[in-house]
Amino acid sequence: MREKLEAKGLKPRRRVLLSGPPGTGKTLSASALAGELQYPLFSVMLHGLITKFMGETAQKLKMIFDAIKTTRGIYLFDEIDALAAARGGENDVGEARRVLNSFLQFLDEDTGPSIVIATTNLPGILDRAVLRRFDLVLPYVMPDGPAIRQALERRLIGFSFNRIGWKRVTDVATGLSTADIVAAAEDAARRAVLNDTDKIATQDLLDALERRRSLQDLGTNDNGTRASTLSPSQSRTAAPIPGKGRGRVQKTK
Ligand SMILES: Nc1ncnc2c1ncn2[C@@H]1O[C@H](COP(=O)(O)OP(=O)(O)OP(=O)(O)O)[C@@H](O)[C@H]1O
Ligand SMILES: [Mg+2]
């Protein structure tokens, strides 16, 4: 396939931006792609990378891009908005702009075999200069009725449930992320197992979803936006797939 593209002077797409609310599967997709391609996955937490000293930040970025050049893999830049949002912030004395520019320049210079995936919850604040660097921008959305049902059914394979009132269930689940819905399914499943049954009833799902919803409300600010501290913590962890060179990127944190 690569040869076909190259014959026409085209390159395969290697830079993808995944954009959407927390818990919609962005980090999961990056791990799935890494698994599919059998590439190691390296996660770069941009929030952790940005220090008060922008010179240091730029130096860390350079180390990461050196790794991108030499070690083939999937490089996941999580929460890329941290970089873009840094501009215009309190400490912005033009340094943040320079860091962003070096990030863009590193992206431009990178012609190696690695895949760069960036994620954001806030596509609105991303600079057009950043967006332009990506070959593909994939929107992730909150699940609708059929997607809610599918997520629950998939997570509950091995359990028996019939005559579930899906309409009521999906009504209660609407507004929850797929991550929350999967967590609710696991909650219901755990309770069933501990009660020595493999049967899940409509009410079990409704209860589990309600419990999840009340947790989520704890993380909602007065203005209705969700507090970032309650985003799924799993997505904040580093490289789930080990591989050579893994330590290099992590060392830069
Ligand atoms: N579309 C989906 N299909 C199946 N499971 C999902 C999906 N989206 C999320 N999940 C479940 O939720 C968990 C967390 O999702 P993930 O970390 O990929 O979300 P995210 O979009 O990266 O969120 P964040 O923006 O907070 O980092 C996954 O490990 C998976 O169990
Ligand atoms: Mg994530």
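At what angle do α8 and α10 pack, and how far apart are their axes? In this predicted model, in which local features require a pLDDT of at least 70, side-chain atom pairs count only at pLDDT 80 or more, and totals for chains, interfaces and linings use all residues, the angle is about 40 degrees and the axes lie 9 Å apart. Residues are numbered from 1 along each chain as its sequence is written, with chains lettered from A and ligands numbered from 1 in the order in which they are written.

Axes are lines fitted to C-alpha atoms, for helices over the stretch in contact, and angles run from 0 to 180 degrees between N-to-C directions. Helices are DSSP runs (H or I, at least four residues) numbered from the N terminus. Residues I148, A151, L152 and R155 of α8 meet T178, I181, V182, A185 and E186 of α10, contact being defined by C-beta atoms, placed from the backbone, within 7 Å.

Helix α10 (residues 178-194) also packs against helix α11 (residues 202-218), at an angle of about 130 degrees and with axes 8 Å apart. That makes α10 oblique to α11. On the α10 side, the contact involves D180, A183, A184, D187, A188, R191 and A192.

Confidence, expressed as pLDDT from 0 to 100 for each residue, averages 80 over the protein, and 79% of the residues score at least 70. Mean confidence is highest in helix α8 (residues 145-155), at 96, and lowest in helix α12 (residues 246-251), at 35.

Definitions and conventions:
Helices (H or I, at least four residues) and strands (E, at least two) are DSSP runs, numbered from the N terminus. Angles under 35 degrees count as roughly parallel, over 145 as roughly antiparallel, 65 to 115 as roughly perpendicular and the rest as oblique. Two residues are in contact if their C-beta atoms, placed from the backbone, lie within 7 Å. pLDDT is the predictor's confidence in each residue, from 0 to 100.
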